[in-house]
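Please read them with the model open.

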Amino acid sequence: MSPVMAWGLLAVAILVVVGLSLYALRLWREVKRREAFKRDEINRANQQCLESLDAIAKAMLDDQVDLTEGALRCKVLLEIIDPDLTDQDRFRVFAETYARTSHLHTHSSRLALSPRDRMKEDRERLAIESELDATIREAAREILAFRANWLSREVNTS
């Protein structure tokens, strides 16, 4: 192999390595951009869930919404933020309410029930609400504290 050919091959190899390095850098930047976008989306979704939780908890404490309805909505929103939250003692009542009322009819299936069956389900729901009233209200207050702590955590990490 002649020296000119060796230098030529070395130049081509260097160009290939530089090109691949630039491409890898571009891909790495794209991954970082997508990760930041995903983080922002998760933060935005969490913020919306926290705002909804705040409104629902306040409505529950002010008796503007049925405790069962509020508890079910809180359970779903907490699970969106972190599926393990409903396993915490302070929020476990939301999962318990769901477990005890999940068999009750809602929406159009409730309308299809006879008035007697609707009344029976209403009594069952009211009995569960009555039994869990204090615990659900305490959990609603914990929601308000949770949101305040979450917001202060967000400010400190920014």
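1. Helix 2 gives the lining of the largest pocket its largest share, five residues. Helix 2 (67-81), helix 3 (92-101), helix 4 (107-111) and helix 5 (115-157) each contribute at least two residues to that lining. Bear in mind that this is a predicted model.

2. The volume of the largest pocket is about 430 Å³. It is lined by 17 residues, and those closest to its centre are Glu69, Leu72, His105, Thr106 and Arg125. Sorted by class, the lining holds seven charged, six polar and four nonpolar residues.

3. The largest nonpolar core is made up of 24 residues. Leu53, Met60, Leu78, Ile81, Phe94, Ile136 and Phe146 have the most contacts inside it. At least two residues of this core come from each of helix 1 (3-61), helix 2, helix 3 and helix 5. Helix 5 provides the largest share, eight residues.

4. Which residues does Phe146 touch, leaving aside its neighbours within four places in sequence? Phe146 is in contact with Leu50, Leu78, Ile81, Leu85, Arg90 and Phe91.

5. Lys75 deserves a separate look. This residue lies in helix 2. Lys75 counts as buried because its relative accessibility is 11%, and the cut-off for buried is under 20%. The side chains of Lys75 and Glu79 are joined by a polar contact of 3.0 Å. With neighbours within four places in sequence left aside, Lys75 is in contact with Thr86, Phe94, Ala95 and Tyr98. Of these, Phe94 is also listed among the core residues with the most contacts.

Definitions and conventions
Residues are numbered from 1 along each chain as its sequence is written. This is a predicted model: local features need pLDDT of at least 70, side-chain atom pairs count only at pLDDT 80 or more; totals for chains, interfaces and linings use all residues. Side-chain values use heavy atoms; hydrogens and water are left out. On a 1 Å grid over the protein atoms alone, a cavity is a set of points where a 1.4 Å probe fits but cannot get out, and a pocket is an open set with protein on both sides within 12 Å along at least five of seven lines; lining residues have an atom within 4 Å of a point. Grid points are joined across faces, edges and corners, and a volume is the space filled by probe spheres set on the points. Helices (H or I, at least four residues) and strands (E, at least two) are DSSP runs, numbered from the N terminus. Ala, Val, Leu, Ile, Met, Phe, Trp, Tyr, Cys and Pro count as nonpolar, Asp, Glu, Lys and Arg as charged, and the others, Gly among them, as polar. A nonpolar core is a set of buried Ala, Val, Leu, Ile, Met, Phe, Trp, Tyr and Cys residues joined through side-chain atoms within 4.5 Å. Buried means under 20% relative accessible area, exposed over 50%, partly exposed in between (1.4 Å probe, protein chains only). Contact means heavy atoms within 4.5 Å. A polar contact is a pair of N or O atoms within 3.5 Å; within protein, one must be able to donate a hydrogen and the other to accept it, and residues adjacent in sequence count only if both atoms are side-chain atoms.
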